[in-house]
Amino acid sequence: MSKPDARLHAYRPDLADVALAGQVEATRFVEPRLTQVIEPVISLHKAPRFDAMQLTQALFGEEVKLFHEEEGWAWVQLVKDGYVGYVNGNALSPHVLAPSHRVAVPSTFMYPEADLKTLPAIPLSLNAQVTVMTEAGAYSQLSNRRFVFTAHLKRIDDVEADFVAVAAMFRHVPYHWGGKSAQGLDCSGLVQLSLEACGLRALRDSDMQERTLGGNLPVDGLDSLRRGDLVFWNGHVGIMMDGTILLHANGHHMMVVAEPLRDAAHRIAARYGQLTGVRRLPGYAGF
């Protein structure tokens with residue numbers, strides 16, 4: 001029997017999630033503690049070192065399962081998408097608050113006062129989750145006593161209708177491996193971030209997304225593609241803006257760009273090979 005995907009299941013030789021007892025071997029099984037991200041954005045690393053590969057990121061207000069802490073590092077699993085890795089333990093709080101709102105623009109700021117001139121102005125990215133306590137004029141005061149411009153927030157259950165329009169807001173954002181914020185993101189991060197803004201959950205990596213999102217379409221003909229279709233290569237994913245234009249974060253341009261699919265496919269084939277799949281989301285409202 002094959003082992004569970006270690007990217008999505010918390011186990012290592014010395015320690016594992018108690019939920020995996022009987023499925024994996026480990027010296028000790030533990031019950032995780034629920035924590036919450038209190039920094040604007042944090043890196044989830046492959047190993048407990050700041051120079052270790054960044055696998056993904058977690059945003060302000062995100063819930064995190066904590067399994068073990070040692071020398072300032074926390075071995076965790078993100079609640080939203082199940083990804084496992086190491087984060088700076090100082091970025092987590094044991095006091096978990098239910099979020100009331102989410103950031104609904106690519107980026108905004110938290111201020112110490114309800115005044116745009118005050119410093120420090122701390123950035124928050126799309127889908128960061130906050131708990132609003134009171135409103136003060138054009139600003140909302142959060143549970144951490146900082147202020148955010150109210151028009152940049154939406155109720156937590158007020159989602160967007162068109163994930164392609166959300167993704168398009170990130171055009172020209174720098175490419176950043178493992179990133180999923182307005183400061184930088186990668187191909188699957190762009191897909192995940194955009195779908196989440198529409199209330200649609202997606203796993204983190206492109207292979208996971210190809211396996212689990214929507215329904216398969218034939219890849220031998222590209223004439224039937226339409227807005228919202230997800231196009232996959234081995235290690236890459238892009239979003240169709242219409243029948244011919246591909247929106248994607250990529251290492252060739254080192255940013256998010258929109259370009260003709262046929263041009264991109266010809267170039268990408270040299271690195272990733274030919275298209276491996278096209279997925280269409282059922283009931284997508286952006287057509």
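Which strands do the buried residues of H4 pack against?

1. **Before you start.** This is a predicted model, in which local features need pLDDT of at least 70 and side-chain atom pairs count only at pLDDT 80 or more, while totals for chains, interfaces and linings use all residues. Residues are numbered from 1 along each chain as its sequence is written, and side-chain values use heavy atoms, with hydrogens and water left out.

2. **Helix H4.** Find residues 261-272, which make up H4. Helices (H or I, at least four residues) and strands (E, at least two) are DSSP runs, numbered from the N terminus. Leu261, Ala264, Ala265 and Ile268 of H4 are buried. They lie on the same side of H4, because they cover an arc of only 95 degrees around the axis; the arc is that of the directions from the helix axis to the C-beta atoms. Here is a handy rule: an α-helix has 3.6 residues a turn, so residues three or four places apart point the same way. Buried means under 20% relative accessible area, exposed over 50%, and partly exposed in between (1.4 Å probe, protein chains only).

3. **The opening question.** The buried residues of H4 pack against strands E22 (230-233), E23 (236-240), E24 (245-250) and E25 (255-260). Just after H4, have a look at Gly273, which takes a positive phi of about 90 degrees.

4. **E24 and E25.** These two strands run antiparallel and are joined by six bridges; two strands pair if DSSP finds at least two bridges between them. Leu247 stands opposite Ala258 in E25. The hairpin has four residues between the strands, and Met254 takes a positive phi near 55 degrees there.

5. **The largest core.** A nonpolar core is a set of buried Ala, Val, Leu, Ile, Met, Phe, Trp, Tyr and Cys residues joined through side-chain atoms within 4.5 Å. The largest one has 30 residues, and Phe163, Leu190 and Ile239 are among those with the most contacts inside it. Helices H1 (163-168) and H2 (187-197), together with E22, E23 and E24, each supply at least two residues of this core. H2 gives the largest share, six residues. Counting contact as heavy atoms within 4.5 Å, Phe163 touches residues including Ser194, Leu230, Leu281 and Tyr284.

6. **A five-stranded sheet.** Now turn to the open sheet with the order E13-E12-E17-E16-E15, where the pairing is antiparallel. Its edge strands, E13 (122-125) and E15 (132-136), each pair on one side only. E15 is joined to E16 (residues 139-142) over four bridges, and Val132 has Leu142 as its bridge partner in E16.

7. **Aromatic rings.** How many aromatic pairs does the structure hold? There are five. Phe109 and Tyr111 have ring centres 6.2 Å apart and planes at 50 degrees, so this pair is tilted. Tyr139 and Phe149 form an edge-to-face pair, 5.7 Å centre to centre with 65 degrees between the planes. Rings of Phe, Tyr and Trp (its six-membered ring) pair if their centres lie within 6.5 Å; planes under 30 degrees apart count as stacked, over 60 as edge-to-face and the rest as tilted. Tyr139 counts as buried at 10% relative accessibility, whereas Phe149 is partly exposed with 31%. Ring pairs link Phe109, Tyr111, Tyr139 and Phe149 into a cluster.
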